[in-house]
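Hi there,

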Amino acid sequence: PAKLKEFDKDEVAKHRSKETGIWVTYKDGVYDVTKFVEQHPGGAQRLMLAAGGAIDPFWAMYQQHNNEQVKGILEEYRIGRLKGGAAAPVADPYANEPQRLPALIVRSQKPMNSETPMELLAASIVTPNELFYVRNHLPVPQVDPAAYRLRIEGEGVRSLELSLEELKTKFKRHTITATLQCTGNRRNEFNRTGRVVKGLEWEGGSISTAVFTGVRLRDVLLAAGLEDDDPEVQHIQFEGLDADMAGATYGASIEVDKAMSPHGDVLLAYEMNSAPLPADHGFPLRAVVPGVAGCRSVKWLGKIVASSEESHSFWQRRDYKAFGPNTDWDNVDWDAAPAIQAMPVTSQICEPAVGAVVEDDEVTIKGYAWSGGGQGIIRVDVSADGGKTWHNAELQKVPQKRGRGWAWALWQATIPLPKGFTGQLELVCKATDENYNTQPENAAPIWNLRGVNCNSWHRVPVTVQ
Ligand code: MTE
């Protein structure tokens, strides 16, 4: 191969803008990524943090880069090699991650993203802590509960710092049973339409339910002096303590009306299923925003900001939004769609599994159903012939008021199979919530580039013998 041109670090460091060209190094390679910046799935801004220097520490943090496809893309932009060779290898920011059960289905190791196994989901309304799905964007921060302070600041409030002890003793304790679901739950069904989406390849297990205990966000905001219907304040922003090496933290926001509503039940939770919050789920304190996409329930909560504006976080403004099937990465205008808050009604067959063999003249189907915005589930319809004929499933629910149906329903049905039939059948389920919202028949018409809000009829092919 032709000898590669050599550049020293100082020269690379001069290339940090569109005008000079945007260069980065990876190991001992030098790359001119000027043309790639706008296509960076994590946003141009994030890539610009690495401009003029090594991307190695960033890739150690965001390990979704660690595959041949991404390395191949980078290689297309190579212009030379680094004089003196690669810098010392970067320490692994994920060296102190908590222990996890091997039963979890891991979709990414660093950061940890894992699903609850399907057959366990339908086994009980409350998911045990160790089996609750995990969705982390960054390394799990280690927080000393004695030194921990929650900071409240912003418009319409006086700044306040609260220790864990103060939160537990000065405010009334509240408990809710709530389902959290990732916006990308069931994303892989979009991939199976033949049109690929970007994101973790979730099946239907990035959803779980727990009994959360803590204090009401409303009570804490009132204590900080926020008044109901303060016209200055439209959003309540949450900031996590998990940060990348540039100091960027995970963040999200919810609307102030949800935060302040006495019926919104938004908690700052310190317990999950009667135990202290586990490290993966936000120890020592997390927001639990019931009825809203999991991404707004910020874990390892460090700061709450009352504001006229939404969180400026990437995950609020440049991710977790849904567009029409005509919008793709080359024409997306992120500002044109609102951030996902409540999610649409969905359901999933947890048993039998895809491809199962049924050796009986009837089949027992089990699953879950949930709707966003506190809309409880009133009915689940199941079919053993791809949706031609339907049966009612029996629902198992926790008592919840209308409009405050934060927890999913589990369901079960035993339905007859056509007499003497052998071969392939398609089991199908669809749920209806208390406002009579129901699910679309297919995934293709709701395809969207980030693969969020997948809620089409769930279909499971099985073989009858
Ligand atoms: N909060 C912080 N600080 N960091 C995160 O990465 N992930 C969010 C949300 N809160 C996240 C976070 C997302 S996308 C989801 S779906 C839920 O946490 C997942 O919560 P769980 O891991 O407890 O299931």
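This is a predicted model: local features need pLDDT of at least 70, side-chain atom pairs count only at pLDDT 80 or more; totals for chains, interfaces and linings use all residues.

Residues are numbered from 1 along each chain as its sequence is written, and side-chain values use heavy atoms, with hydrogens and water left out.

**The ligand and its surroundings**

Where does the ligand sit? The largest cavity holds it. A cavity here is a set of points on a 1 Å grid over the protein atoms alone where a 1.4 Å probe fits but cannot get out, and a molecule sits in one if more than half of its atoms lie within 2 Å of its grid points.

There are 19 residues around the ligand, and Tyr133, His137, Asp242, His281 and Lys299 come nearest. To count as near, a residue needs one heavy atom within 4 Å of the molecule. By class, this shell has 9 nonpolar, 6 polar and 4 charged residues. For these classes, Ala, Val, Leu, Ile, Met, Phe, Trp, Tyr, Cys and Pro count as nonpolar, Asp, Glu, Lys and Arg as charged, and the others, Gly among them, as polar. Strand E8 (134-135) and strand E13 (235-243) each supply at least two residues of the shell; strands are DSSP runs of at least two residues, numbered from the N terminus.

Some polar atoms deserve a look in your viewer. His137 has a polar side-chain atom 2.7 Å from an oxygen atom of the ligand. For Asp242, a polar side-chain atom lies 2.7 Å from a nitrogen atom of the ligand. Ser297 takes part through its backbone, with a polar atom 3.0 Å from a ligand nitrogen. On its own the ligand has 530 Å² of accessible area, and the protein covers 100% of that (Shrake-Rupley method, 1.4 Å probe).

Thr209 belongs to strand E12 (residues 207-216). Its relative accessible area is 0%, so Thr209 is buried (buried means under 20%, exposed over 50%, with partly exposed in between; 1.4 Å probe, protein chains only). The side chain of Thr209 also makes a polar contact with the side chain of Thr179, at 2.7 Å. Such a contact is a pair of N or O atoms within 3.5 Å; within protein, one must be able to donate a hydrogen and the other to accept it, and residues adjacent in sequence count only if both atoms are side-chain atoms.

Lys5 is found in the segment before strand E1 (6-7) and counts as exposed because its relative accessibility is 54%.

**Backbone details**

A cis peptide bond joins Phe283 and Pro284, with omega about 5°. Pro284 is in the loop between strand E16 (275-276) and strand E17 (286-288). Another cis bond runs from Glu351 to Pro352, with omega near -5°.

Ser274 is a residue other than glycine with a positive phi, near 70°. Ser274 lies in the loop between strand E15 (267-272) and E16, and it is exposed at 68% relative accessibility.

Best wishes

Notes. On a 1 Å grid over the protein atoms alone, a cavity is a set of points where a 1.4 Å probe fits but cannot get out, and a pocket is an open set with protein on both sides within 12 Å along at least five of seven lines; lining residues have an atom within 4 Å of a point. Helices (H or I, at least four residues) and strands (E, at least two) are DSSP runs, numbered from the N terminus.
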